[in-house]
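Morning, everyone. I have one structure to go through today, so please look at the screen.

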Amino acid sequence: MDDVHKTNAIKELKKEFETLTEGIHNKDELERLKVKFLGRKGEIRSLFGKMKDVAIEQKKEFGAGINDLKGFVERRLQSLLDSFSVGSSEKDNKNYCDLTLPGINFSIGHQHPVTQVIDDLLEIFRSLNFDVLGGMEIEDTFHNFDALNIHKWHPSRNAQDTFYLDPEHILRTQTSAMQIRAMESGKLPLRIITMGRCYRRDASDATHYPVFHQIEGLVVDKNVNFCDLSGILTEMMTGVFGKRVEVRFQPSYFPFVEPGAETFISCPFCNQKGCSICQNTGVIELGGSGMVHPQVLRNVGIDPKVYRGFAFGWGIERIAMLKYQINDIRLFYENNINFLEQF
Ligand code: DAH
């Protein structure tokens, strides 16, 4: 073996060792590398084996070179072993679990914005001492129309507006039907709200959807009037928006209330100065309300000379759209996670 060859053999083995160390990730791999280089039949032993081919005068230098390499390999293997120290053997284990790491957050769902408004309303009306009634989405035409003074010829009864299951049963078009059921129960005085889905055969657009929610309120007592209605609605909307709002009525017609009113609140976003949300009017229209029509009271056997009532029925999506400034009702029902996660 000439000089060049022997130095090359040592250098090459060192290079190979260094390359292999880069691929070491755990103790098992480290052990295999150790055997390959330092083992009884390992690379370093076999280099020593080549000693016999080396000229006498070069043996010393060649041997020293191998010893240097051996020392280098041993130190390197030891430092790798150290880096896989305490805990690292556990990391090699597939089932290893480091309890000190921060946990993975599971994305848990949250309430739909419409449900959030429903919950807000529930809390507000419970604090005002109202009872909460459930409701039925399949109604008969008596409760949804007749008893509410909606005459046989009224356009809202049209099959183009209402989903009929049979000539006497429909998907309710308004929660006002529950006014009748509440009064039929015979318990007086009454102070109730009910909330739930209503259905109309509307083509959907930014403000209409065939399914939507309403909140209906009804108070029947011996001495109630429009001021009480105004007070309740003020409390309700002040609660929803978290700041004082004023209520304004504009005469309107609903067959089951007299007088009836379209109900507005002062715009909670601009303090009536005028903004894009209230279209520069300073007020926002929210729904219908009024004093229960004496004929409706009679329809359920309540004497209008003794009892009076007031009622209101508002769209919950409309309230939610205002509260969260959403400009398209369809967003509530598309189940787009990116949209829903904002609330
Ligand atoms: N039910 C009516 C509708 O869906 C809203 C309504 C108006 C309800 C006046 C009421 C009321 O209780 O008094 O359009």
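This is a predicted model: local features need pLDDT of at least 70, side-chain atom pairs count only at pLDDT 80 or more; totals for chains, interfaces and linings use all residues.

Let's start with the ligand. Which residues come nearest to the ligand? There are 15 residues around the ligand, and Q174, S176, R200, Q214 and E216 come nearest. By type, that shell divides into 5 nonpolar, 8 polar and 2 charged residues. As for where they sit in the fold, the strands β6 (211-221), β9 (283-292) and β10 (308-315) each supply at least two residues of the shell.

Now some atom pairs. The side chain of S176 has an N or O atom 2.9 Å from a nitrogen atom of the ligand. Q214 places a polar side-chain atom 2.9 Å from an oxygen atom of the ligand. With F312 the backbone is involved: one of its N or O atoms lies 3.3 Å from an oxygen atom of the ligand. How much of the ligand does the protein bury? Taken alone, the ligand exposes 350 Å², and the protein buries 90% of that.

Next, the helix. This is α11, which covers residues 316-324. Which of its residues are buried? They are I316, E317, I319, A320, M321 and L322. These buried residues pack against the helices α6 (113-127) and α9 (226-241), and against the strands β5 (190-199), β6, β9 and β10.

Last item. After α11 comes Q325, and its phi is positive, near 55 degrees. That's what I have; questions are welcome.

Terms used: Residues are numbered from 1 along each chain as its sequence is written. Side-chain values use heavy atoms; hydrogens and water are left out. A residue is near a molecule or strand if one of its heavy atoms lies within 4 Å of it. A polar contact is a pair of N or O atoms within 3.5 Å; within protein, one must be able to donate a hydrogen and the other to accept it, and residues adjacent in sequence count only if both atoms are side-chain atoms. Accessible areas come from the Shrake-Rupley method with a 1.4 Å probe; for residues, only the protein chains shown count as cover. Helices (H or I, at least four residues) and strands (E, at least two) are DSSP runs, numbered from the N terminus. Ala, Val, Leu, Ile, Met, Phe, Trp, Tyr, Cys and Pro count as nonpolar, Asp, Glu, Lys and Arg as charged, and the others, Gly among them, as polar. Buried means under 20% relative accessible area, exposed over 50%, partly exposed in between (1.4 Å probe, protein chains only). Contact means heavy atoms within 4.5 Å.
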